[in-house]
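Please look over the chain shown here before reading on, and keep it in view while you work through the points.

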Amino acid sequence: MTDTSIRTYTNDRETETEEEETTAVSDEQEYCPECGGRLVSDDEHAETVCTDCGLVVEEDEIDRGPEWRAFDASEKDEKSRVGAPTTNMMHDQGLSTNIGWQNKDAYGRALSSRQRQKMQRLRTWNERFRTRDSKERNLKQALGEIDRMASALGLPENVRETASVIYRRALEEDLLPGRSIEGVATASLYAAARQAGTPRSLDEISAVSRVEKMELTRTYRYIIRELGLEVKPADPEHYVPRFVSDLDLSDETERMARELLESARQEGVHSGKSPVGLAAASVYAAALLTNEKVTQNEVSEVASISEVTIRNRYKELLEASDTAAPA
């Protein structure tokens, strides 16, 4: 057998092996490894799921489609673009580019001193082009402040987005003269958190903000009035899950706390009372009723209110529960 025929035979074997591996991979992707059922791709949840047994074979898949919808050809042409989704949480809505701070080239090699100087000049000019006027600089500072405070308070992304929109409206309607950027940014975040049903108390907000509590309340009322925002009074029940989680209490305690607040609402105890105080007192009372060990001091630290307030509200909640029980 010649060398040529040996090489040809070897290549044929390699080709057959590659085809077998490809077929095995495709079969594995088409059929469920658990029951042999057919697999389908769920674009909404970014998962590959078996149609028979419901097994999730793959998750966190890349969605290569657009995040927008179009209902005719002209609308599709207008919205069609490339890049990451736009967001109101960045002053330029995420459409500009950034030059990385690492002084390395595409291969990871360090740049020479002359190239480093050139890149530093490019970074400077890029930053100047991104914030060309005072409003852009104002917006960049405010949105950075909103993101910082939201991270410290553990607020979700939808609250940050809403707060950014509120601040943009305040800037467009020229409501900032005479007020600090930090004050309006904090008031926007406080309003957005209440609108989204994930409120934070004024004490919690002011603890992570760079403005005093008095300035925050004054700016918040002004923003709400001038922008015509509809913000409902804070519901004590919105604070309960967070307090229960921070205190590591059971679901039964959370359910009992909600029942106490509902009884208090029926008896009119809510009127004129701090929602944070009512929520903290309901959690403390519910913990006692379910035989869970928690002290007034622990609840006070989690809710950032005094123990006296908890004691007063706690008695009122129990009285309202006793009154509402026969009905």
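The notes below go from the whole chain to its sheet, its annotated cysteines and its salt bridges.

This is a predicted model, in which local features need pLDDT of at least 70 and side-chain atom pairs count only at pLDDT 80 or more, while totals for chains, interfaces and linings use all residues. Residues are numbered from 1 along each chain as its sequence is written, and side-chain values use heavy atoms, with hydrogens and water left out.

**The chain as a whole**

- The chain contains 13 helices and three strands, where helices (H or I, at least four residues) and strands (E, at least two) are DSSP runs, numbered from the N terminus.
- Of the 327 residues in the chain, 34% are buried; buried means under 20% relative accessible area, exposed means over 50%, and partly exposed lies in between, with a 1.4 Å probe and protein chains only.
- The accessible surface of the chain is about 20900 Å², and carbon and sulfur atoms account for 47% of that surface; such areas come from the Shrake-Rupley method with a 1.4 Å probe, and for residues only the protein chains shown count as cover.
- If we take the contacts (heavy atoms within 4.5 Å) between residues at least 6 apart in sequence, 61% of them join residues at least 24 apart.

**The sheet**

- The three strands form an open sheet in the order β1-β2-β3, with antiparallel pairing, and two strands are said to pair if DSSP finds at least two bridges between them.
- The edge strands are β1 and β3, each of which pairs on one side only.
- Neighbouring strands of this sheet are turned by 35 degrees against each other on average, direction ignored; the axes behind this angle are lines fitted to C-alpha atoms, for helices over the stretch in contact, and angles run from 0 to 180 degrees between N-to-C directions.
- Strand β1 (residues 39–42) runs antiparallel to strand β2 (residues 47–50), and four bridges join them; leucine 39 has cysteine 50 in β2 as its bridge partner.
- The hairpin of β1 and β2 has four residues between the strands, and alanine 46 in the turn has a positive phi of about 55 degrees.
- Strand β3 (residues 56–58) pairs with β2 in the antiparallel sense over two bridges, and valine 56 in β3 stands opposite valine 49.
- In the hairpin of β2 and β3 there are five residues between the strands, and glycine 54 takes a positive phi near 80 degrees.

**The annotated cysteines**

- An unreviewed UniProt entry carries the annotation "binding site" for Cys32, Cys35, Cys50 and Cys53; UniProt positions are given in the numbering used here, feature names are shortened, and annotations may be inferred rather than shown by experiment.
- Cysteine 35 lies in the loop between α1 (3–30) and β1, and with a relative accessible area of 42% cysteine 35 is partly exposed.
- Not counting residues up to four places away in sequence, cysteine 35 touches Cys50, Asp52 and Cys53.
- Cysteine 50 lies in strand β2 and counts as buried at 3% relative accessibility.
- Leaving aside neighbours within four places in sequence, cysteine 50 is in contact with residues including Cys32, Cys35 and Leu39.

**The salt bridges**

- Side chains of opposite charge can pair when their charged atoms come close.
- The structure holds 16 salt bridges, each defined as a side-chain nitrogen of Lys or Arg within 4 Å of a carboxyl oxygen of Asp or Glu.
- Aspartate 147 and arginine 160 meet in a salt bridge, at 2.9 Å from N to O. Because aspartate 147 lies in helix α4 (residues 134–153) and arginine 160 in helix α5 (residues 157–172), the pair ties together parts that are 13 residues apart in sequence.
- In this pair, aspartate 147 is partly exposed at 37% relative accessibility, whereas arginine 160 is buried at 18%.
- Glutamate 254 and arginine 258 form a salt bridge whose closest N and O atoms are 3.1 Å apart; the two residues are four residues apart in helix α10 (residues 251–266), so about one helical turn separates them.
- A network of salt bridges links Asp235, Glu237, Glu254, Arg258, Glu262 and Arg265.
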